[in-house]
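Work through the exercises below with the sequence and the model side by side. Try each task before reading its solution.

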Amino acid sequence: MTLLGNLLIILLIRHDVHLYCSPMNFFLSHLSLAHIGSHSFTVPKMLQNLLTHPKHISYGGCLAQMLFFLGFGNTESFLLTSMAFDHYVAICLPLCYTLLMSQRHCLLLAMGCWLLDFLHSLLYTLMMAFLSCASREIPHFCDLHLLIKFSCSDTSAIQMTTLTKGNVTMVGPFTITLLSYILIFCRVIKIPSAAGKRKAFSTCSAHLATVILFFGTVIAVYVRPSSTYSGAKVRVMSVAYTAVTPMLNPFIYTLRNIMMQQSLRKCIRVKSACRETLTSPGFFNFSQVILMVKRLIL
């Protein structure tokens, strides 16, 4: 469900030029790609541990998983912040929207999210690779706090890095997102018509639900000292943002996005028109070809 749902979002946005030219949908396609990446590097091993024995992952495998998982996960946080900024500009600065959210600016912003976050995850992975570990097999679940807990080396430096960089890469984007929505709310309550207020809140509702689910669990897991780490609770919250959030993302955005629904209906009509034409006895007939073209246009 996660892979098919997020792939559907990417294909719809890339297929429909009207969707792709929208900055919000452009960031949504990158968010779906990040969800696919983080999901693919964590959930298969999680499912294997649920079904087989012994329930562990090798130390090298854990480092490789952490490299990609932190990279994709941090990219999600910055992309969600970019989407919040897009909402802020659209509602609070509509006259500057075309200039600030141009296709070039959106592309540079997305590239910056991917590059900075993978450099950040590479730093963590290299620091963890130089630590000695009493056990080369991590039980059941691979997590940054677990690696620190199982290490026999001095981890004070990496714990300080985890706490400070966690504030920068998680609390920072969350604060910017929260500030954007505070400004949006102050702007929306000044709209005189009730219909305008409902439209503005409806535009932000899908993104806001994803923000609360993602940032709430991630901040609860990572932005705290490793000494307060509780394996059982953290595993439950980790499952929330590694498995639940990517799975709910397609439902949240396709059910609340009118443009996405229209594009999906259009693709279904095109498929039906092609199937009817190809299965008809005289589909090489010129009139049938004209009919198929009309259906595609409409």
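## Exercise 1: a residue in the first helix

T2 touches H39, A243, P246 and M247, leaving out residues up to four places away in sequence; contact means heavy atoms within 4.5 Å. This is a predicted model, in which local features need pLDDT of at least 70, side-chain atom pairs count only at pLDDT 80 or more, and totals for chains, interfaces and linings use all residues. Residues are numbered from 1 along each chain as its sequence is written, and side-chain values use heavy atoms, with hydrogens and water left out.

Task: In which helix is T2 found, and is T2 buried or exposed?

Solution. 
- Step 1. Locate T2: it is in helix α1. Helices (H or I, at least four residues) and strands (E, at least two) are DSSP runs, numbered from the N terminus.
- Step 2. Read the accessibility. T2 has a relative accessible area of 6%, so it is buried. The cut-offs are under 20% for buried, over 50% for exposed and in between for partly exposed (1.4 Å probe, protein chains only).

## Exercise 2: the chain as a whole

Task: How many helices and strands are in the chain, and what percentage of its residues is buried?

Solution. 
- Step 1. Count the elements: 13 helices and 2 strands.
- Step 2. Take the buried share: 43% of the 298 residues.
- Step 3. Check the contacts. Of those with a separation of 6 or more, 75% join residues 24 or more positions apart.
- Step 4. The chain exposes about 15,700 Å², with 73% of it from carbon and sulfur atoms. Areas come from the Shrake-Rupley method with a 1.4 Å probe; for residues, only the protein chains shown count as cover.

## Exercise 3: the largest nonpolar core

Task: Which residues of the largest nonpolar core touch the most other members, and which helix gives the most to this core?

Solution. 
- Step 1. Define the set. A nonpolar core consists of buried Ala, Val, Leu, Ile, Met, Phe, Trp, Tyr and Cys residues joined through side-chain atoms within 4.5 Å.
- Step 2. Among 29 residues, F27, L28, L31, L80, M83, Y253 and M260 touch the most other members.
- Step 3. Trace the helices. At least two residues each come from α1 (2–15), α3 (23–40), α5 (59–92), α7 (103–129), α10 (194–222) and α11 (231–256). The most come from α3, with 6 residues.
- Step 4. Another one lies apart, with 14 residues, including I57, L63, M128 and L131.

## Exercise 4: α3 and L31

Task: How many residues of α3 are buried, and what does L31 touch beyond four places in sequence?

Solution. 
- Step 1. Take the helix. Of the 18 residues in α3, 16 are buried.
- Step 2. Check its span. α3 reaches 26 Å from first C-alpha to last, close to the 26 Å expected at 1.5 Å a residue (1.5 Å times one less than its number of residues).
- Step 3. Zoom in. L31 lies in α3 and is buried, with a relative accessible area of 0%.
- Step 4. List its partners: E76, L79, L80, M83, N249 and Y253.

## Exercise 5: a residue in α7

Task: Is L122 buried, partly exposed or exposed?

Solution. 
- Step 1. Apply the cut-offs. L122 counts as partly exposed because its relative accessibility is 37%.
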